[in-house]
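Subject: Structure for your files

Hello,

Here is the structure I said I would pass on. My notes on it follow below.

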Amino acid sequence: KVFGNLIDMPFPDISPLSDENEIDKQSENYKNRIMSMKDKDVKVSVHLMGEMTFTYSLARKLIENDIDCYASTSKRMVSYNDDGDKVTHFEFARFRKYT
């Protein structure tokens, strides 16, 4: 509600074998897609979570273009089943702006 309309963009499937140049190309592609949605009358913000090097690269590029980026934060709750299996649940806490 705070951010207005939502447009969901699937996070790219990033191979663990991708090098820095591939990450840069993928983040540039996403930056361009997001920039094409920017309108002088509408504030664009991005909720960005995922593979760390892509996230960093894209956040940096968007922030340089005056687009605010946010991460969701959560409380991690861990319990263990009788058989010893670990069960982790996450409870949303807030959005935190990338700086």
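A residue counts as buried when its relative accessible area is under 20%, as exposed when that value is over 50%, and as partly exposed in between. Please keep in mind that this is a predicted model.

Aromatic residues

With those cut-offs, Phe11 is partly exposed, because its relative accessible area is 34%. Phe54, at 0%, is buried. Tyr30 is also on the buried side of the cut-off, with a relative accessibility of 11%. Phe11, Tyr30 and Phe54 together make one aromatic cluster.

A search of the whole structure gives three aromatic pairs. One of them joins Phe11 and Phe54, edge-to-face, with 5.1 Å from centre to centre and 80° between the planes. Phe11 sits in the segment before helix H1 (20-35), and Phe54 belongs to helix H2 (residues 52-64), so this pair links parts 43 residues apart in sequence. Tyr30 and Phe54 have ring centres 5.5 Å apart and planes at 90°, so they too are edge-to-face. Since Tyr30 is in helix H1 and Phe54 in helix H2, that pair ties together parts 24 residues apart in sequence.

Overall layout

The protein has two helices and three strands, which follow the pattern α-β-α-β-β along the sequence. Its radius of gyration is 17 Å, well over the 13 Å that the globule rule gives for 99 residues, so the protein is more spread out than a compact globule. The C-alpha trace spans about 55 × 35 × 25 Å along the principal axes. Of the 99 residues, 25% are buried. The exposed surface comes to about 7800 Å², and 50% of it is supplied by carbon and sulfur atoms. Among contacts with a separation of 6 or more, 50% are between residues 24 or more positions apart.

The sheet

The three strands form an open sheet in the order S1-S2-S3, with mixed pairing. Strands S1 (45-47) and S3 (86-97) are at the edges with a single partner strand each, so one side of each has no neighbour in the sheet. Neighbouring strands are turned by 25° against each other on average, direction ignored.

Strand S2 (residues 68-80) runs antiparallel to S3, and 11 bridges join the two. Among the bridge partners in S3 are His89, which pairs with Met77, and Phe95, which pairs with Ser72. The hairpin of S2 and S3 has five residues between the strands, and Gly84 there takes a positive phi near 95°.

Regards

Conventions:
Residues numbered from 1 in each chain as written. Predicted model: local features only at pLDDT ≥ 70, side-chain atom pairs only at ≥ 80, totals over all residues. Heavy atoms only, no water. Pairing = 2+ DSSP bridges. Helix = DSSP H or I, 4+ residues; strand = E, 2+ residues; numbered from the N terminus. Axes fitted to C-alpha atoms, helices over the stretch in contact; angles between N-to-C directions. Rg over C-alpha atoms; globule rule 2.2 N^0.38 Å. Buried < 20%, exposed > 50% of the residue type's maximum accessible area, 1.4 Å probe, protein only. Contact = heavy atoms within 4.5 Å. Areas by Shrake-Rupley, 256 points an atom, 1.4 Å probe, with all protein chains shown as cover. Phe/Tyr/Trp six-rings, centres within 6.5 Å; stacked < 30°, edge-to-face > 60°.
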